[in-house]
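Thanks for coming. I will go through one model this morning, loop by loop and then chain by chain. Please have the sequence and the structure open.

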Amino acid sequence: MRILIIEDDMETADYVMAGLHRSGHLAEHVSDGREGIVCAAGGNFDAIVIDRMLPGTDGLTVVKTLRSVGVKAGIIFLTARAGVDDRVEGLDAGGDDYLTKPFAFSELLARLHSLARRPPLSDVETILRVADLELDLIARRAKRGDRDIQLRPREFRLLEYLMRNADRVVTRTMLLEKVWNFHFDPKTKIVETHMSKLRAKVSLEGEPELIHTIRGAGYVLRAPV
Amino acid sequence: MFFGRPFRIFRTASFALALLYAALFAGSAVVLGCIVYWTVQNSVDRQLTARIEGELQLLEVVLQADGSAELVRQVQQRVVYAGNLEYFLADADGKRLAGSLPEATRKLGWSDIEVPDQQNRGHTKTFRVKTKVFDNGYRMTVGDDLAPIYEIRRAFFEALIWTLAAFLGLALLGGILLSTLFLRRVDAISKTVAEIIGGNLNSRVPLRGTYDPFDRLSASLNRMLDRIQLLMETLSQISNDIAHALRTPLSRLRHKLETALIAERNSESNKTIDAALMETDTILDTFSALLRIAQIESGTRTAGFGNLDLSNLFETVADAFATVAEDEGKTLTANIAPKVTYWGDADLLSEMLANLIENAIKHTAEGTEIEITLSTQNGVPVAAVADNGPGVPDQHRTRIFRRFYRLECSSGTPGSGLGLALVAAVAELHGIELVVADNQPGLRMTMSFVAQPPKQAEIRDFTGLSLFAEQEKSVPLQAHAVPGVH
C-alpha cells in the first residue's frame, strides 16, 4: 500500500513510518497541511493518515479540500484531543476513520488494511464465503458446510464484519465501533464474550478453527491452510 | 409580558409592595375620614342642640315677661313663619295650644322622635326634640329635623367609598405597571443566567445606562460573569495544556514501549514491557476520561445531538452486556418499550447506559439479577438500571457521582472511579434527572428524560451520522429474511 502521513510531530511520524516500513508498506511523510494537499492530490495514495491539528492549514480543512478535488483515498484522522464532537466533525469533513493518540501501531495498521481493502462492489455482494463458511446477507443465514448455524442478530453482524475483513486483523476497538457502534471503551469484556460464543457456533468439535485471536492485536478470520 | 403571564405579576415583590401601600393609604384614609366625620357631626350636633336650647330659653323669657297668652301667640307665629324649628305647646292638662309637632312625646328633656313626613307619604322624619315644663304648667317642646345630619353622614360614606375604590384601582394599576417593569428587568437577568447555564459563557445582562439599582445589580453580575469566564477559560486552557503537555510524552512513552516489545525477543523482559504498556494505557485512559468529563460538563459540545431512537439504543446496549453478565454468572433482563425517542447524542447516551450496567455487573456477587427498563410515563421517557446486589448506603448515594469516589468495599475491584462521574455529566448535558434509590435490596438508578427538544429550526439533520441509520446501511433487512427481495 502507498500511504501518506501528514503529521507535524516528528516522533509520531517516525513511529508510524517505521511501523509501516516494517509491515512492508510504502510510506511518505510531510509535516504541514499545505504540502499535504499538494502531495496527496498528485500522489495516488491508497490511504492518508493525517493529524487533526497541523501548523498552518489544519487537518479538517486539508481533508475537506482533498475531498473537494476528488481524492478518493481512505483517510484516517489522528488526534490528541479526546473530544466528544471531534469524531463527528472529522467524519463530516470527509474522513473515513478516527484514531485518538496515543494508539497502538497494530490498531492503526488494522484500520489502514480495513480501509484499503474495502471492495468497491461490496454493496451488491449478497453471499460472503470463507472456506466452507457461508453467510447469506439476504436470507440472513449462516452455514458451515451443510450445517446451519443459528446466529443472534449481533452475532450475525460480528461474523459479517469478520468475513468482510477476512485474512485481516481486526481490533477490539474496530469491532466495538463497527458492530456495536460503541465509541467508548467498555471496562467489561463485551467483544471477548461475544467472540467466544460466535467461535463456539462457527467451529464445532473437530471442525478446523476459522476465527483466530492475535495476541495484543485483535482477531482474524481466515481459511485453514 | 403582562398579558401573556398575568398571574406571574401578582407574585412579584413590587406588586405586593404596591398592594401593601394601597392598604396603608386606604387605612389612613378611613382614619382621617372618621376624624373629619366625628368633628363635623359633633359640631352640627352642638349647633342643633344650642339652637333648640336657645329657643326654649327665649320662649320661657316670653312667658315670664308677657304671660301665657303671648307665649301661645308667639309659638303660633313661629310655626307659621319660622324656618326650620318645629314646636308643640300644651297646657297642664295636655291639650294642644299651638305647634305642628305631633303629640308624640311626653318625655321631658332630650329625645329623638319619628314624625310622619307630610310631603312624602309613608315615610317618617326624625326630629331631635327637647321638652320642658314651664312655671305655669305648660309643656313646651322644641325640635329640629335631623335630616341634614343624616345627609352629612350619607355624603361622607359615599365619599369614603369612592376614595377607597380610587385608591385600590390606582394601587392595582401602579402595582401592575411597576411589576411589569420589574419583571422585564428580572427576566433579562434570568435569560442571561439561563444562557450561561446552557453553555454560552459570553452572554451578559443588558444595561440601560440609567444607574438605577437594577442597572447596578446587572453591572455587578456582569463583572462577576467576566471573572468567572476568565477563570473558566484559564482552567480550560490549563486542562488543554496539561492534556497536550502530558499526552504527548505519554504517547511517545507508549510508542517506545511498543517498539521495544517488538524488538525484544526475551520473554521475561517482554512481560515487564507488556505490564508497563498496560500501566501507561491506564494512565492515558484516566486522563482521557477526566478530559471528556470536563468537556461534557462545559455543556458546549452538542454537535452530535439529534433526534434518536432511545428504545433501539437501549436494546443495543442491553444486548451487548447480556452476554457479559451471563459470563459473570449474573442475569440481565431488559424490558424496553418500543419507539421511545429523545433528543441527544447517541454515543454519549450509550456510554452512560453502558457505565451504569457495567457498574451493576462489576460490583455485585454471582447470581445477581440486573434489570433494565425503559418506558414512557406521563409523556416522559423513564429508564432504570436496577440490581438486587449489595446496594449503596444512604450517605454515599450523592457522593458516588464524584470523580474518583469509590466505596470502600469496591476498592478491590478494578476501575478508575470515573464511570459514574461521566454518567452524571452526560445526564446533566441531556437534561436527564438521575435518581439513586434503594431497590430493596440492591441499587436502582432511575433516569427521567425530561428535557424538551430544541425548536424545530434548530434541529439539524443527523441521519447520516446516527447510530442506527449506519446500522441499517450496512446490515440490510436486519429484522427477518424476505426471500426474493434484493
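P102(A) sits in the loop between β5 and α5 (105–117) of chain A; helices (H or I, at least four residues) and strands (E, at least two) are DSSP runs, numbered from the N terminus. The bond between K101(A) and P102(A) is a cis peptide, with omega about -5°. This is a predicted model, in which local features need pLDDT of at least 70, side-chain atom pairs count only at pLDDT 80 or more, and totals for chains, interfaces and linings use all residues. Residues are numbered from 1 along each chain as its sequence is written, while chains are lettered from A and ligands numbered from 1 in the order in which they are written.

Chain B has a cis peptide bond too, joining Q440(B) and P441(B), with omega about -5°. There P441(B) is in the loop between β11 (432–438) and β12 (443–449). As background, most peptide bonds are trans, and most residues other than glycine have a negative phi.

N44(A), in the loop between α2 (33–43) and β3 (47–51) of chain A, has a phi near 50°. Is N44(A) buried or exposed? N44(A) is exposed, with 11 other C-beta atoms within 10 Å. The cut-offs are these: buried means 20 or more other C-beta atoms within 10 Å of the residue's own, exposed means 12 or fewer, and partly exposed is in between, with C-beta atoms placed from the backbone. D167(A) has a phi near 70° and belongs to the loop between α6 (153–164) and α7 (172–180) of chain A. D167(A) counts as exposed, with 11 C-beta neighbours inside 10 Å.

Now the helices of chain A. In α4 (residues 86–93), the buried residues are D86(A), R87(A), V88(A) and G90(A). They pack against β4 (74–79) and β5 (97–100) of chain A; a contact means two C-beta atoms, placed from the backbone, within 7 Å. Just after α4(A), G94(A) has a positive phi of about 120°.

Helix α8 of chain A (residues 190–202) has 13 residues and reaches 18 Å from its first C-alpha to its last, close to the 18 Å expected, where the expected span is 1.5 Å times one less than the number of residues. Its buried residues are I190(A), V191(A), H194(A), M195(A), L198(A) and V202(A). Which side do they take? They are on the same side of α8(A), because they cover an arc of only 105° around the axis, the arc being that of the directions from the helix axis to the C-beta atoms.

On to chain B, which has ten helices and twelve strands. Of its 486 residues, 24% count as buried. The largest nonpolar core has 106 residues, and F321(B), I357(B) and V426(B) have the most contacts inside it. A nonpolar core is a set of buried Ala, Val, Leu, Ile, Met, Phe, Trp, Tyr and Cys residues joined through C-beta atoms within 7 Å. Leaving aside neighbours within four places in sequence, I357(B) contacts V317(B), F321(B), I370(B), I372(B) and V385(B). Another core lies apart from it, with 15 residues, among them I52(B), L59(B), F88(B) and F127(B).

Last, confidence. Chain B averages a pLDDT of 80, and 87% of the residues score at least 70; pLDDT is the predictor's confidence in each residue, from 0 to 100. Over residues 456–486 of chain B the pLDDT is below 50, and this stretch has 28 contacts in the model beyond near neighbours in sequence. The model scores ipTM 0.85 and pTM 0.64.
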